[in-house]
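Have a look at the structure, then read on.

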Amino acid sequence: MSSYQFLEIEKKWQKYWEEKGIFKATEDFSKPKFYVLDMFPYPSGAGLHIGHPEGYTATDIVARYKKMKGYNVLHPMGFDAFGLPTERYSMVTGIHPRIATERNINVFRNQLKMLGFAYDWSREINTTDPKYFKWTQWMFINIYNSWFDEEQQKARPIDELPIPDNLKDPLEIENYKDQHRLAYIAMIPVNWCEELGTVLANEEIEEWREKGYSVQRKPMRQWMIRITKYAERLLNDLELVDWPYSTKEMQKNWIGKSEGAEIEFPIVGYDEKITVFTTRPDTLFGATYLVLAPEHPLVPKITTPEQKALVEEYIQQAALKTDLERTELSKVKTGVPTGAFGINPATKQKIPIWIADYVLVHYGTGAIMAVPGHDERDFEFAQTFGLPIVQVVKPVDGDWDINQSAFVDDGVNINSANDEVSLDDLPTKEAKSKIINWLESKKIGKRRIQYKLRDWLFSRQRYWGEPIPIIFFEDGTKRALDLDELPLLLPEVKEFKPAGTGESPLATVEGWVNFIDKKTGKRGRFETNTMPQWAGSCWYYLRFIDPHNDQFFCDSEKERYWMQPNGVDLYVGGAEHAVLHLLYARFWH
């Protein structure tokens with residue numbers, strides 16, 4: 001052969017493979033299985049990029065090899081197709097995102113087939129397919145209708161939640177249940193993009209800023225999921241997965257377990273107290289000022305009239321920054337005093353209360369005790385604003401010039417005594433234990449474990465996402481849809497631009513926000529937020545196992561076969577998915 005006729009030869013065999021079902025997986029339980037999973041792509045209008053076939057080629061090699069070795073190989077492909085880029089395209093062009101998505105998927109599918117990958121196309125899934133997101137909605141309802149039992153360390157049906165005897169009113173009982181549901185509504189500071197009319201995840205901010213959009217922090221009504229209840233289990237269960245060390249470490253750092261103490265600081269002239277969490281309670285005697293997040297609820301109350309204008313201006317400036325920008329170590333420290341003072345419970349001295357954007361309201365308690373002698377960030381802040389720096393820990397051997405830099409290592413306590421407790425000459429570990437015992441005896445603090453992991457923000461002010469299947473009634477009650485009412489489909493809309501009220505375009509659809517519920521006869525409105533793109537990608541690996549099942553998301557016998565003993569046998573995805581996608585998938589499962 002003088003030359004290889006790519007188009008003729010490859011089309012011939014690709015057609016043969018498809019017609020004969022060469023790569024089609026069957027439930028032949030007599031064979032050993034091998035499940036190969038790719039991180040399924042988002043079908044953008046640009047088609048495949050070079051990173052797609054790079055990863056897919058690796059899994060294709062392994063899938064073909066295992067098939068030749070006699071394994072029953074499952075190597076599927078699908079599309080993670082909800083998302084903001086398509087909706088933004090529809091806002092500009094007026095083309096329905098469903099039409100744009102179908103067109104993009106066709107391009108992706110044809111390109112993947114042209115490359116000749118050994119996929120079982122009979123199992124193709126699409127997260128925007130109602131037959132798929134019916135089960136995404138059903139899973140959300142199961143989470144919504146559950147609460148976490150601390151004693152049993154597992155979720156239980158919300159109807160099994162013990163209700164206090166003094167609650168008699170149905171609305172009070174419902175509110176009590178809402179406070180314990182694994183899916184709940186809260187006012188949360190979020191990254192709001194006015195031009196897009198939606199909330200952005202931290203990971204999305206830089207991309208959209210580069211495209212010319214502005215983002216600011218703003219408290220908004222959001223659906224949240226209590227993933228924090230599973231923080232310890234998500235940590236411990238990392239021992240059960242055969243993942244690269246770096247991936248596990250990234251997840252551990254994201255969950256961020258810290259052991260320390262919670263301490264209360266009285267506020268001069270007020271009944272309220274400021275609660276802080278610290279991993280270094282042994283440095284309490286060195287706390288020379290307090291810092292609140294600009295959004296902390298106590299800020300408006302305790303700010304003096306003289307400082308009010310400065311504080312309000314600073315709060316507005318902080319709202320324009322992302323969490324990453326606010327906490328960047330290298331940035332110039334900024335802050336303003338509130339004019340109020342707290343009392344250090346160990347020294348009994350008055351210490352000033354500041355606000356600074358490097359403290360985040362949704363991390364820890366939204367307040368810190370600043371110990372500039374033993375924390376680099378506090379040291380830089382104290383030097384910038386001329387605040388006192390006191391050394392309360394010294395190296396085991398040698399001296400330390402506390403005016404030059406903070407001593408952040410473990411050591412031996414000094415200058416750490418009052419009439420009731422002394423930490424002087426104690427090594428750090430013993431000093432921590434002794435001060436916590438003293439705090440607990442005085443009922444002004446307690447030992448505590450804290451996690452960096454935050455509850456999962458689970459709503460977007462978008463049209464192109466899974467509808468959240470909750471009805472709100474005029475009488476203040478609400479209900480989740482039943483299985484026989486799913487899937488809840490997106491209504492048709494005249495345009496895809498935001499409602500202008502902070503809500504999604506769904507808020508402009510009369511039949512969505514004003515209707516009579518057939519099951520209760522009450523007037524209601526559907527939730528106008530939709531789910532984030534993460535929702536559909538949390539469980540796609542299970543749907544590949546049984547993609548055409550209309551009765552359940554996955555047959556249990558098929559799941560046992562394909563997911564035991566080691567679950568997915570080979571997964572290949574970008575490092576950008578190593579934290580959130582794999583964390584959410586483990587929680588969802």
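Lining residues have an atom within 4 Å of a point. Grid points are joined across faces, edges and corners, and a volume is the space filled by probe spheres set on the points. Rolling a probe the size of a water molecule over the atoms shows where empty space is left.

This is a predicted model, in which local features need pLDDT of at least 70 and side-chain atom pairs count only at pLDDT 80 or more, while totals for chains, interfaces and linings use all residues. Residues are numbered from 1 along each chain as its sequence is written, and side-chain values use heavy atoms, with hydrogens and water left out.

**The second largest pocket**

- How much volume does the second largest pocket have? The answer is about 1,700 Å³.
- This pocket is lined by 49 residues, and the closest to its centre are Tyr541, Ala585, Arg586, Phe587 and His589.
- Several elements give two or more residues to that lining, including helix H5 (130-144), strand E6 (154-157), helix H9 (245-255) and helix H18 (556-563). Helices (H or I, at least four residues) and strands (E, at least two) are DSSP runs, numbered from the N terminus.
- Which helix gives the most to this lining? That's H19, with six residues.
- Sorted by class, the lining has 30 nonpolar, 12 polar and seven charged residues. Here Ala, Val, Leu, Ile, Met, Phe, Trp, Tyr, Cys and Pro count as nonpolar, Asp, Glu, Lys and Arg as charged, and the others, Gly among them, as polar.

**The cavities**

- There are two cavities of 30 Å³ or more in the structure.
- The largest cavity holds about 70 Å³ of space, and its lining is made up of Phe23, Ala63, Arg64, Lys67, Val73, His75 and Ala118.
- Helix H2 (residues 51-68) gives the most to that lining, with three residues. By class, the lining of the largest cavity has four nonpolar, one polar and two charged residues.
- About 40 Å³ of space lies in the second largest cavity. Among the residues lining it are Phe82, Arg462, Trp464 and Met531.
- The class count for the second largest cavity's lining comes to five nonpolar, three polar and one charged.

**The whole chain**

- The chain has 19 helices and 24 strands, and its C-alpha trace spans about 90 × 60 × 50 Å along its principal axes.
- It's divided into domain 1 (6-125 + 534-574) and domain 2 (258-451), with bounds that come from an automatic or database domain assignment. The C-alpha centres of domain 1 and domain 2 lie 51 Å apart.
- Of the 589 residues in the chain, 51% are buried. Buried means under 20% relative accessible area, exposed over 50%, and partly exposed in between (1.4 Å probe, protein chains only).
- Among contacts with a separation of 6 or more, 71% join residues 24 or more positions apart. A contact means heavy atoms within 4.5 Å.

- Asp546 sits in the loop between H17 and H18. Is Asp546 buried or exposed? It counts as buried because its relative accessibility is 7%.
- Not counting residues up to four places away in sequence, Asp546 touches Arg123, Phe553, Cys554, Asp555 and Lys558.
- Thr247 lies in helix H9 and is buried, with a relative accessible area of 11%. Leaving aside its neighbours within four places in sequence, Thr247 is in contact with Ala578 and Leu582.
- Leu506 is found in the loop between strand E21 (478-480) and helix H15 (510-513), and at 0% relative accessibility it counts as buried. Its contacts, not counting residues up to four places away in sequence, include Tyr463, Leu490, Trp512 and Thr530.
- His52 has its place in helix H2, where a relative accessible area of 13% makes it buried. Setting aside residues up to four places away in sequence, His52 touches Pro41 and Phe108.

Note on methods
On a 1 Å grid over the protein atoms alone, a cavity is a set of points where a 1.4 Å probe fits but cannot get out, and a pocket is an open set with protein on both sides within 12 Å along at least five of seven lines; lining residues have an atom within 4 Å of a point.
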